[in-house]
Amino acid sequence: MNKAHGNPYGHFDDQAREYVITRPDTPLPWLNYLGSEEFFGLCTNTAGGYSFWKDAKLRRVTRYRYNNVPMDLGGRYLYIKDGTSIWNPGWKPVKTELDAYECRHGMGYTTIKAEKNGIEVELLMFVPPGETCEIWQVNVRNKTQDSRNISIFSFVEFCLFEALNDMTNYQRTYSIGEVEVEGSAIYHKTEYRERRSHYALFAVNRAIDGFDTSRDAFVGVHNGLHEPDSVLKGQAKGSIAHGWNPVGSHQINLNLKAQEVSSFAYILAYVDQGDLPKFDEKGRLNKTKGQALLQRFAKTEDIMRSFAQLKNNWESTLNRFQVDCPNAHAQRMVNTWNQYQCMATFNLSRSASGYETGIGRGMGYRDSNQDILGFVHMIPDRARQRILEIASTQLSDGTCYHQYQPLTKKGNAEIGGDFYDDHLWLILSTAAYIKETGDASILDEAVGYADKPGSQESLLHHLETSIQYTLKNRGPHRLPLIGHADWNDCLNLNCFSKEPNESFQTAGDVHGSVAESVMIAGLFLYVCREMQDLYQWLGKGADAERMRGHYLDMKEVVETAAWDGEWFIRAFDAQSRPVGSHVNDEGKIFIESQAWCVLGGAGQEDGKARKALESVHEKLYTQNGIVLQQPAYSRYYLELGEVSSYPPGYKENAGIFCHNNTWIHLAWCQQGEGNRAFEYYLSICPSAKEDQIDTYRAEPYVYSQMIAGRDAPTPGEAKNSWLTGTAAWTFVTISQGILGIKPDYEGLHVNPCIPEDWQGFTAQRHFRGADYNIVVKNPSAVCQGVAELWVDGVKQKGRHIPLAKAGSKVEVEVILG
């Protein structure tokens with residue numbers, strides 16, 4: 001167990017792969033995710049959050065109240081009534097002072113254990129593998145020497161499935177709620193008799209002493225969740241919801257002898273009827289599938305067997321890449337938390353977190369492509385499926401739906417479009433998948449274009465369409481047009497919004513504009529090299545040479561038209577004026593163009609790349625990470641859009657946007673600067689923030705999107721944790737850049753870029769069915785440079801580990817020098 005100095009709220013338990021929270025009053029709610037397949041739950045350290053099936057907007061199972069007072073209102077509540085004392089093991093919502101409290105966030109599960117007046121309640125919450133439900137296994141222990149009589153009241157508040165309608169259309173929703181109760185199971189069947197063929201259920205696997213399904217009855221019309229009427233009175237009312245607000249609550253009365261333990265479990269489930277009849281012969285809900293699900297978890301041993309399977313699944317997944325290195329922060333993040341977060345971002349993109357409501361955003365096109373980069377080594381088959389799914393939301397001209405709904409797989413035009421970088425990210429994810437698996441057949445898969453129903457073009461056709469779109473849409477400097485925005489959604493050079501009620505993401509007309517993006521140009525360089533390498537591997541030399549031509553052409557443009565003297569310009573606005581240039585009063589230098597121009601190979605031969613990175617270090621780097629630009633914008637610039645709408649130091653206005661920090665980390669690796677790359681890596685590492693946790697505030701085990709920059713009144717404060725591209729790119733940075741173990745078409749490529757004071761490290765990498773044990777030694781105290789490479793005792797030329805047969809174990813020794 002590793003107790004971090006300076007964090008009064010918790011510590012890492014690296015051996016158990018858990019974060020242990022020892023106080024419930026964390027600086028912000030600290031979140032975990034339950035489920036990684038179809039059923040998901042957001043679960044905070046006070047049992048807050050909600051659950052949904054596949055799509056947080058269209059299949060929400062339970063309600064949650066964002067931006068509420070107090071924060072984190074709504075969740076998985078157990079009320080313990082012990083005489084006149086009422087308390088929750090998760091502390092909220094009653095917030096009775098507890099005698100003991102501990103929350104452990106693990107891989108796909110959370111346990112909360114609390115004690116009050118000699119009664120201990122332990123709650124294990126997880127989603128069983130292959131199921132569409134979550135389980136709360138409860139152990140109630142009487143730790144005293146006397147018999148005790150207590151009552152336990154469970155509580156969830158059902159969402160009427162479509163979350164936006166549920167929270168806005170009360171003239172309808174207050175009249176449609178329906179439930180059925182059978183034994184210890186409460187079935188939520190709103191809209192089931194008409195358009196829906198699914199329902200939710202909330203049950204407990206033991207006899208109950210009462211129930212409520214009406215929120216008005218259980219809570220009381222004038223009461224809050226911290227003072228529910230049924231609990232105060234000690235007796236459920238047996239209420240049946242007819243409209244208004246359906247809930248699920250069970251009452252269980254326990255008589256516990258001294259030291260006695262009572263165990264039982266609650267099951268919250270989503271049930272899709274499929275082809276089964278919706279009703280039984282008496283016109284009631286056909287409960288066959290729901291009852292079968294409950295039967296599978298009728299016994300504690302069944303539940304614990306499923307929990308063991310969950311843990312085994314995660315061990316197997318995480319063990320595909322493990323490292324033993326000299327830095328504890330890097331080791332725990334690589335081995336556990338960074339990979340775990342990559343799974344969450346792959347599953348949910350940016351749709352449902354403590355900051356994203358699950359309503360406004362679906363699966364992002366560029367987001368999901370990038371998320372695959374950190375996920376593909378875990379479950380390549382799922383990555384393959386996702387790539388094809390993403391490609392199907394591209395339009396035939398090369399543009400893309402910026403987001404799509406995970407349930408319907410249909411593009412969502414309401415949130416805006418014309419982001420002219422979107423299409424290029426598909427090339428990165430496809431190349432990463434093929435390098436990981438060697439499966440080139442994905443390129444031949446038929447994937448239609450979203451605007452041409454029934455079209456059957458290949459995935460490779462989509463990649464070519466993406467390249468051609470950028471080539472065809474260039475501005476007066478021959479740089480790529482930016483459209484509505486590039487990766488930085490807030491740099492809106494064609495928006496010109498004066499109306500406070502319109503969205504920056506949808507306002508403005510990009511047609512005919514000449515605004516150009518240097519960042520897209522750098523990204524284009526990178527993807528051209530990816531396409532060149534792919535074609536070379538496929539034996540298509542002419543196509544490889546064609547891509548090389550596109551690369552050289554754009555490289556010349558970047559090195560001339562986009563160079564500002566000490567760094568790369570960020571963009572040219574709609575009047576062809578430079579953005580991110582020394583001629584600007586504010587916003588003289590940006591991260592993104594420095595990163596991607598360097599990663600794309602621009603300025604390598606003439607020193608421009610090195611000079612750009614040194615400018616980043618001098619002007620943008622801080623101990624908490626690299627600020628996005630400097631100087632911060634002190635006023636709103638109509639021609640720049642949302643980027644200048646934020647107060648200085650926050651979000652895209654000179655905040656530390658962690659996602660793009662990682663590209664600079666990789667750029668330093670490309671320069672062979674291991675000391676600086678690792679220093680930068682630690683600057684945004686959440687595990688390294690525990691000594692300043694009351695400033696940082698966010699979870700110390702997962703990355704946040706943003707840390708307030710030096711211009712902010714609250715520098716070092718993190719925001720928008722969990723669902724950020726920082727996760728995938730950081731895993732790429734540490735695994736492929738710093739540790740230098742990079743998948744390639746013909747095998748693994750090894751070229752570490754580490755701090756010079758590291759004597760070495762070891763890594764285990766599962767790759768194409770074989771297991772590689774890689775030992776890196778650094779006797780000369782260098783940052784980079786492979787002097788010798790040995791594979792199974794045979795010295796190799798270069799830095800390439802040849803492919804091994806599936807099932808084999810390969811010993812690799814790397815000597816740096």
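A: Let's start with the chain as a whole: residues 24 or more positions apart make up 68% of its contacts with a separation of 6 or more, where contact means heavy atoms within 4.5 Å. Please keep in mind that this is a predicted model, in which local features need pLDDT of at least 70 and side-chain atom pairs count only at pLDDT 80 or more, while totals for chains, interfaces and linings use all residues. Residues are numbered from 1 along each chain as its sequence is written, and side-chain values use heavy atoms, leaving out hydrogens and water.

The chain holds 19 helices and 40 strands; these are DSSP runs numbered from the N terminus, helices being H or I of at least four residues and strands E of at least two. Its radius of gyration is 28 Å, which agrees with the value near 28 Å for a compact globule of 817 residues. That radius is taken over C-alpha atoms, and the globule rule is 2.2 Å times the number of residues to the power 0.38. Along the principal axes, the C-alpha trace spans about 80 × 60 × 55 Å. Of the 817 residues, 64% count as buried, meaning under 20% relative accessible area, with exposed over 50% and partly exposed in between (1.4 Å probe, protein chains only).

The expected span is 1.5 Å times one less than the number of residues.

Helix 9 is mostly covered, with nine of its twelve residues buried. They are Pro380, Ala383, Arg384, Arg386, Ile387, Leu388, Glu389, Ile390 and Ala391. As background, an α-helix has 3.6 residues a turn, so residues three or four places apart point the same way. What covers the buried residues of helix 9? The cover includes helix 7 (328-348), strand 21 (363-364), helix 8 (365-375), strand 22 (403-404), helix 10 (425-437) and helix 11.

Helix 13 itself (residues 541-561) has 21 residues and reaches 30 Å between its first and last C-alpha, close to the 30 Å expected. Its buried residues include Met547, His550, Tyr551, Lys555 and Glu559.

Follow the chain on from helix 11 and you come to phenylalanine 496, in the loop between helix 11 and strand 23 (516-517). At 33% relative accessibility, phenylalanine 496 counts as partly exposed. Most residues other than glycine have a negative phi, and most peptide bonds are trans.

Two peptide bonds are worth a glance too. A cis bond with omega of about 0° joins valine 69 and proline 70, and proline 70 sits in the loop between strand 6 (60-62) and strand 7 (77-82). The bond from lysine 92 to proline 93 is cis as well, with omega near 0°; proline 93 belongs to the loop between strand 8 (85-87) and strand 9 (100-106).
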